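Welcome! Here is a friendly briefing on a few spots in this structure, grouped by topic.

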Amino acid sequence: MIMKTRCFFLWAAMLLMAVGSVMAQDIEEKKPVSLNGVWQMCFYSSSSPDIPGELKTSNSLKILSDDGRFTNVVMMPSGAIVIGYGTYDLKSSNVFNEYVTRNIHLPQLNGQVNEMHFDLCENGDLMYVKYFVEKDIDGNTIESWAHEIWKRVEMPTKYPDNIVR
């Protein structure tokens, strides 16, 4: 009888530890998503059509402010220009909406809600985004998904020696 009681308590303790471990994993996975910050558009570059290549940064930035504003900036030889702006909000852990005030790259989005589906990778520092474009700039129906890759811009621990200003 004592052996059965010990086995029961041992079994119950193991069950509680297993349930606690699963619940702890669920809590860890539900940490809030933060998209705030400066993001740099990226692309894959390869010398061979058989391999995806290396992730390279571009001259486009997306600034997602903590007050719900977004600004898209492109660095040009003559200086930076704003190509789009508006507000945004997080709808779920993998969707945010951009409420486009003005966009000179995709003017068909002016005054529209642009639903951005995203996946965060590399500890939240790489964001794969896709959004649906119904019409082109001339109003022709294209109904296609646009895909973008954005890398979070981080501040280094010290000022770089090789910086060009």
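Aspartate 67 counts as partly exposed, because its relative accessibility is 47%; here buried means under 20% relative accessible area, exposed over 50%, and partly exposed in between (1.4 Å probe, protein chains only). This is a predicted model, in which local features need pLDDT of at least 70 and side-chain atom pairs count only at pLDDT 80 or more, while totals for chains, interfaces and linings use all residues. Residues are numbered from 1 along each chain as its sequence is written, and side-chain values use heavy atoms, with hydrogens and water left out.

**Salt bridges**

- Side chains of opposite charge can pair when their charged atoms come close.
- The count comes to six salt bridges, where a salt bridge is a side-chain nitrogen of Lys or Arg within 4 Å of a carboxyl oxygen of Asp or Glu.
- Aspartate 67 is joined to arginine 69 by one of them, with 2.8 Å from N to O.
- Arginine 69 is partly exposed, at 46% relative accessibility.
- Another salt bridge links lysine 91 and aspartate 89, whose closest N and O atoms are 3.5 Å apart.
- Lysine 91 is partly exposed with a relative accessible area of 49%, and aspartate 89 is partly exposed with 27%.

**A buried pair**

- Glutamate 98 and lysine 62 also form a salt bridge, with their closest N and O atoms 2.7 Å apart.
- Glutamate 98 sits in strand β5 (residues 95–103) and lysine 62 in strand β2 (residues 54–64), so this pair ties together parts that are 36 residues apart in sequence; strands are DSSP runs (E, at least two residues), numbered from the N terminus.
- Both glutamate 98 and lysine 62 are buried.

**Around tyrosine 131**

- Tyrosine 131 belongs to strand β7 (residues 126–135) and is buried, with a relative accessible area of 5%.
- Beyond its neighbours within four places in sequence, tyrosine 131 touches several residues, including Leu106, Met116, Trp145 and Glu148; contact means heavy atoms within 4.5 Å.
- The side chains of tyrosine 131 and glutamate 148 are joined by a polar contact of 3.1 Å (a pair of N or O atoms within 3.5 Å; within protein, one must be able to donate a hydrogen and the other to accept it, and residues adjacent in sequence count only if both atoms are side-chain atoms).
- The C-alpha atoms of tyrosine 131 and asparagine 97 are separated by 9.9 Å, and the two residues are 34 apart along the chain.

**Isoleucine 81**

- Isoleucine 81 is part of strand β4 (residues 79–92).
- At 33% relative accessibility, isoleucine 81 is partly exposed.

Definitions and conventions
Helices (H or I, at least four residues) and strands (E, at least two) are DSSP runs, numbered from the N terminus.
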